[in-house]
Amino acid sequence: MRIYDIAFYVAGFFILGVLAASSGSNFAVIMTATILLVAIFLLIGYLRKIPKIFWLTSLSLFIIIGAFYYFWWSNYQINNLKIVFNEKINFQGMVVKNPEQGSQQKLVIELQPPYAGKILIKLQSYPSFDYGDLINFEGVIKMPGPADYTNYLAKDGVFGTADYPKTQLIAKNQGSTVKSSLFKLKKGLISNFQKTLSAEKSAFLSGITLGERTEFSQEFKDAMSKSGTTHLVALSGYNISVIVLAVFVFLNYFLPRRLTFILTILAIFGFVLMTGAEASVVRAAIMGFIALLASQVGRLYSVRNAIVLAAFFMVLLNPRVLYFDIGFQLSFAALLGIVYLSPAIQKFFKMKEEEGFLGWRKNFLTTTSAQLGVAPLLIINFNQFSLTALLANVLILEVIPPTMFLGFLLGTIGFFSTVLAVILGWFTNLFLVYESTLINIFAKISLPITKIGISGIIIYYLIMVGFIVYNCRDVKH
Amino acid sequence: MLNINRLILIMIFLVVFDFFIWGLIVFEPINKNLELYFLDVGQGDSELVILPNGPKVLIDGGPNNKVINELASVLRPTDRYLDLIVLSHPQTDHFTGLIDVLKRYQIGAFIFNGRSATADSWSALSKVIQENKIPVVILAGGDKIHYLDSQFNFLLPDKNFIESSDLNETAFVSLLQSQNSKILFTGDIDTKTEDYLMRKYDLDVDVLKVAHHGSKLSSSEKFLSNISPKIAVIEVGKNSYGHPTAEVLKNLASAGAQIFRTDKDGMVKLVIGGQGINIFKKK
C-alpha cells in the first residue's frame, strides 16, 4: 500500500469513527461493530489472499480512535465549563466573535473568572458592541433549550444563552489587534454599501462579497431559500474561488507565476480573517482552493486525498462539525459533486470543453453537479430543493463575479469619496436588481421536492456513484 | 484577453448606463404636490414629508431599523439624501431608527429640541452625528422653516415646557402649511400641553398626526373638536399599553375625522395638491 493510500484510509476511518460517536452510538457498540468489520476483512483477506485487505484491517482500528477522540473532546469541553444556570447573576465576558447586528444584536462572549465557557447574548440593537469589548452583564444564563438548538450552539462551543441582560461596558479592544482591524475594515465596507444602496440591495451585496447576512429581511431569505440560491450569500467555496481567480489573474499580469501564487494565498488568508475566520469561511476557502486545484491539475486521484484530509483536519479541530454542522455537510457534498460528478456529466452528454459565452457551460456543469450533490441534504434539513434552482443558478452565477468586483471596488472607493461611490452604486445596483429580480421570480415558480426517506437518500447516492463510476471508468489513474 | 464577446458586453453596459444617467436627468419627477408618508415602523413614530419641488423632511425614526425599508420603498434607490431630520423629542420609540438613517443617508441638518435622552442608545445617535459631521440645529416654539410656499411653524415647546421632567411634554408640535392645507404634528404631547396649545393658538387643521400613538393621556375631546381634523393618522404597532384607546378613537370619530392607523393600514400616504387630498394605504 502506498503512503497516500494509507493516509486516505486513516483519515477516512477516523472520520467514520467520529461520525458514529456523534450520531449517538455508545462506545461499546462502536467497538463491537469495528471488531466485526475487522473479522470480515480478515476473512475476505484470508479467502481471497489480497494483501491490501490486511492493511485495511489494521487501519480500520482508526474507527475506534475516531470515536474515542470524539468522546474525549466533548468531555474535555464540558469539564471546562463553569456556568451558573437559571439564577440572576453578575458576570463579565469578552466579545469573541464579530457581533451580528440586525434588528437585534447577538454577541458570543467568553465568560471571565469565576465563570468559564462561551455563551450567546441577545440584546437590543443599541448601544452596539464590538469584537474585543469587555462587558459586565446582569441577568440569567439559561440552557439553550431544544436538543436541535443545543447541538447547533454546541458545535461552536456555546453552551448557554442570556436574553436582554443589563450591560455595562468595562473596556474596549481586549481582543486580537489584527482581528479587530480586519473587522473594522469589514464594517467600513458594509457601511459604504449602506450609504450608496437601498437597504435590501446593500444587505444582498454584503452577503455576496463578505458573507454578512444579518440585515436580510425574512421575505428575501425565504425567496433565496425557495429559489435555491442561498449559497450565493453564504461565502461558499464558489465566492472564494472567484476571489482567488480574480486576484491570481490580476497579479499574474505583472508578476512571475510563483510569486503570484504566494500572494494570492496571502490575500485569501487576510480575507478569511476579515470575515471572522469562522469555521464556515475557513472551510469555504479550503474547498474553493481544492475545487480550483482540481480544475487546474485535473487529476482526480490527488484531489481525493485533498478532500479527505481537509475534512480530517476540520474534524480534528472540532469533531462536532461532522454531524451537527449542516454547512459542513453541504459544502463537502457540493465539492464532491463538482469534483466527481461534473466530469461524468460532461462525458455522458458529450459536452464540449469550451466554456461558452460568459462561461455558461462551465457554470451549468458546476452548478448542476453541486446541486445534485447536495439535493438530498437540502430536502431532509430544510424541506427545500427546487427543480428550477438549476436554471436560476446558471442565470445568476453569470453575473456574480462582476457584482463581487463592483462591490469591492464600491466599498473601497467609499472610503475616499461618497459621491464617486454613489455613482458606482448605480452601476452595481443594475446587477443587484437583475439578481434579486430573478431570485424573486424563481421563488415563485419553484418546483419543490419535500419528502425523501433515509432509504431514498441511500438509493440516490448509490445511483450517483454508479453513474460516476460508469462514466469515468477509463478516466481514473 | 479582450475578445468580441467582452467588447460587446462592455458596449452594452456603457449604452445602458448612458440611458440611465439621462433618464435620471430627463425623468426627474418634479412633484408639485405635498406628499406625506406615515411610515409603518411598529410602536413608534416616523413621518416622511416631501414638500412641493422635492425637499425631504423626516420627522422621527421609530423604535428600530424598520424605517430603512420603509424609506427604501418610498425613495428611488439612487436617492441617498434627506434634507432635514427632525426629532420631536428624545425617546427611544422616536429616535432609535434615526441612528440607522443617519448611517445610511446623507443629511442636510439634524433638528431637535436640545434635550438629551437618558437611554443608552442616545450616545450611539450622537456618535453617528459627530462621525458623519451632520450639522445640528436646536429649535423651539416660535421658530419657522420656509421653503417656497411651504412652511413649518414650530409651535411648541416654549419656555414653559422645554425643561419639563416629562420628555413627552418637550416634544415639538409643528404646523405644516403647504398647498392650502394645514397638517399638525404633535409628537407625544399630553392633554395638559393640548390645553396650553388651544389657549395660545387658534388651530384648525386638515390632517393630524395623533399624539402619543393614541394614548388615553392625549387627544382630549375638547382639543380634537377644537382643531377639527378631517384626517387623523395614528402611528402605532403591537403594544402592551392598549394604544390606540377606544376613547381616543371615539373622540376622533366624533370630531369628524377619518381615521387611519399604521398597524392596520400599513404605511399611509397622503398626496395633497390643488384638487384636495388623495389617500393611499399599503394594507
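Two residues or elements are said to be in contact, or to pack against each other, when heavy atoms of one lie within 4.5 Å of heavy atoms of the other. With that in mind, this briefing looks at a predicted model, for which the scores are ipTM 0.82 and pTM 0.83. In chain B the pLDDT averages 92, and 99% of the residues score at least 70.

**Helix 19 of chain A**

- Helix 19 of chain A, which covers residues 454-471, has 18 residues and reaches 26 Å from its first C-alpha to its last, close to the 26 Å expected at 1.5 Å a residue.
- The buried residues of this helix are A:I457, A:M464, A:I468 and A:N471; seen down the axis of helix 19 of chain A, they fall within an arc of 80 degrees, so they line one face of the helix.
- These buried residues pack against two other helices of chain A, namely helix 14 (326-348) and helix 15 (360-382).
- On the other side of helix 19 of chain A, the residues A:S455, A:L462, A:I463, A:V469 and A:Y470 are exposed.

**The open sheet of chain B**

- In chain B, 8 strands form an open sheet in the order 6-5-4-3-2-1-14-15, and their pairing is mixed.
- At the edges of the sheet stand strand 6 (136-138) and strand 15 (276-281) of chain B, each of which has a single partner strand, so one side of each is left without a neighbour in the sheet.
- From one strand to the next, the twist averages 20 degrees.
- Strand 5 (residues 106-112) and strand 6 of chain B run parallel and are joined by 3 bridges, and B:I111 stands opposite B:V137 in strand 6 of chain B.

**Helices lying across the strands of chain B**

- Helix 2 (residues 66-74) of chain B lies across strand 1 (34-38), strand 2 (47-50), strand 3 (56-59) and strand 4 (81-86) of chain B, and runs at about 25 degrees to strand 2 of chain B.
- Helix 3 (residues 92-104) of chain B lies across strand 3, strand 4 and strand 5 of chain B, and runs at about 150 degrees to strand 5 of chain B.

- B:A117 is found in the loop between strand 5 and helix 4 (121-131) of chain B.
- With a relative accessible area of 15%, B:A117 counts as buried, because that term applies under 20% relative accessible area.
- Leaving aside residues up to four places away in sequence, B:A117 touches B:P90, B:F95 and B:W122.
- B:A117 and B:I189 are 72 residues apart in sequence, and their C-alpha atoms are 16 Å apart in space.

Notes. Residues are numbered from 1 along each chain as its sequence is written. Chains are lettered from A and ligands numbered from 1 in the order in which they are written. This is a predicted model: local features need pLDDT of at least 70, side-chain atom pairs count only at pLDDT 80 or more; totals for chains, interfaces and linings use all residues. Side-chain values use heavy atoms; hydrogens and water are left out. pLDDT is the predictor's confidence in each residue, from 0 to 100. Helices (H or I, at least four residues) and strands (E, at least two) are DSSP runs, numbered from the N terminus. The expected span of a helix is 1.5 Å times one less than its number of residues. Buried means under 20% relative accessible area, exposed over 50%, partly exposed in between (1.4 Å probe, protein chains only). The arc is that of the directions from the helix axis to the C-beta atoms. Two strands pair if DSSP finds at least two bridges between them. Axes are lines fitted to C-alpha atoms, for helices over the stretch in contact, and angles run from 0 to 180 degrees between N-to-C directions.
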